[in-house]
Amino acid sequence: MLARFVASGGGGGSMGSRGYGVVSENGDHIEGASEDTLFEMISELNDTDNTFIVVEPDMDDPTWFASVAVLEGQGYEIVRRDAAYREHKVDVDTDVGRIAFDLIVWLAARNFPGQPTRPVTDM
């Protein structure tokens, strides 16, 4: 079972209080990880004892999460799930920089405790 963590500060959009945390299989956890931190955590994954990271909001019963897991051989499986918007996407990629960037962009569109909910719009 994954540990819950508390992001520092309140709501709002400040860089120091993002409202989510990242935990790896080996127990490392970061509150409100930056793109650089995600890059480092993904780069440190291996296929023996640290095979995945999970990103989720600081709340009981979270409605969304993202995970990155090492695939056998080469590359990573990236899962993004947001039950509130019926979103479930699974990708495979080998570029750690692109994975970290894409996760930061995806996280920017999530709802966080203490922040207004994002509007649903047709694109």
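A: Start with D91, which counts as partly exposed at 26% relative accessibility. The model is predicted.

D91 has two charged partners to look at. One is R80: their side chains meet in a salt bridge at 2.8 Å, N to O. D91 belongs to strand 6 (residues 87-93) and R80 to strand 5, so this pair ties together parts that are 11 residues apart in sequence. R80 itself is buried, at 7% relative accessibility. The other partner is K89, whose side chain meets that of D91 in a salt bridge at 3.9 Å, N to O. K89 is partly exposed, with a relative accessible area of 43%. Together, R80, K89 and D91 are linked in a network of salt bridges.

The structure holds 6 salt bridges. Another of them joins the side chains of D95 and R98, at 3.9 Å, N to O. D95 is partly exposed at 33% relative accessible area, and R98 is partly exposed at 42%.

Charge also meets an aromatic ring. The charged end of R110 sits over the ring of W106, 3.9 Å from its centre. W106 is buried, at 8% relative accessibility. W106 also forms an aromatic pair with W64, edge-to-face, with 5.7 Å centre to centre and 80° between the planes. Because W64 lies in strand 4 and W106 in helix 2, the pair ties together parts that are 42 residues apart in sequence. W64 is buried too, at 2% relative accessibility.

Now the nonpolar side. The largest nonpolar core has 20 residues, and L38, I42 and V68 have the most contacts inside it. Two or more residues come from each of strand 1, helix 1, strand 3, strand 4, strand 5 and helix 2. Helix 2 gives the largest share, 6 residues.

An α-helix has 3.6 residues a turn, so residues three or four places apart point the same way. Leaving out residues up to four places away in sequence, L38 touches V22, A33, I53, V55, A100, L103, I104 and L107.

Definitions and conventions:
Residues are numbered from 1 along each chain as its sequence is written. This is a predicted model: local features need pLDDT of at least 70, side-chain atom pairs count only at pLDDT 80 or more; totals for chains, interfaces and linings use all residues. Side-chain values use heavy atoms; hydrogens and water are left out. Rings of Phe, Tyr and Trp (its six-membered ring) pair if their centres lie within 6.5 Å; planes under 30 degrees apart count as stacked, over 60 as edge-to-face and the rest as tilted. Helices (H or I, at least four residues) and strands (E, at least two) are DSSP runs, numbered from the N terminus. Buried means under 20% relative accessible area, exposed over 50%, partly exposed in between (1.4 Å probe, protein chains only). A charge sits over a ring if NZ of Lys or CZ of Arg is within 6 Å of the ring centre and within 35 degrees of the ring normal. A nonpolar core is a set of buried Ala, Val, Leu, Ile, Met, Phe, Trp, Tyr and Cys residues joined through side-chain atoms within 4.5 Å. Contact means heavy atoms within 4.5 Å. A salt bridge is a side-chain nitrogen of Lys or Arg within 4 Å of a carboxyl oxygen of Asp or Glu.
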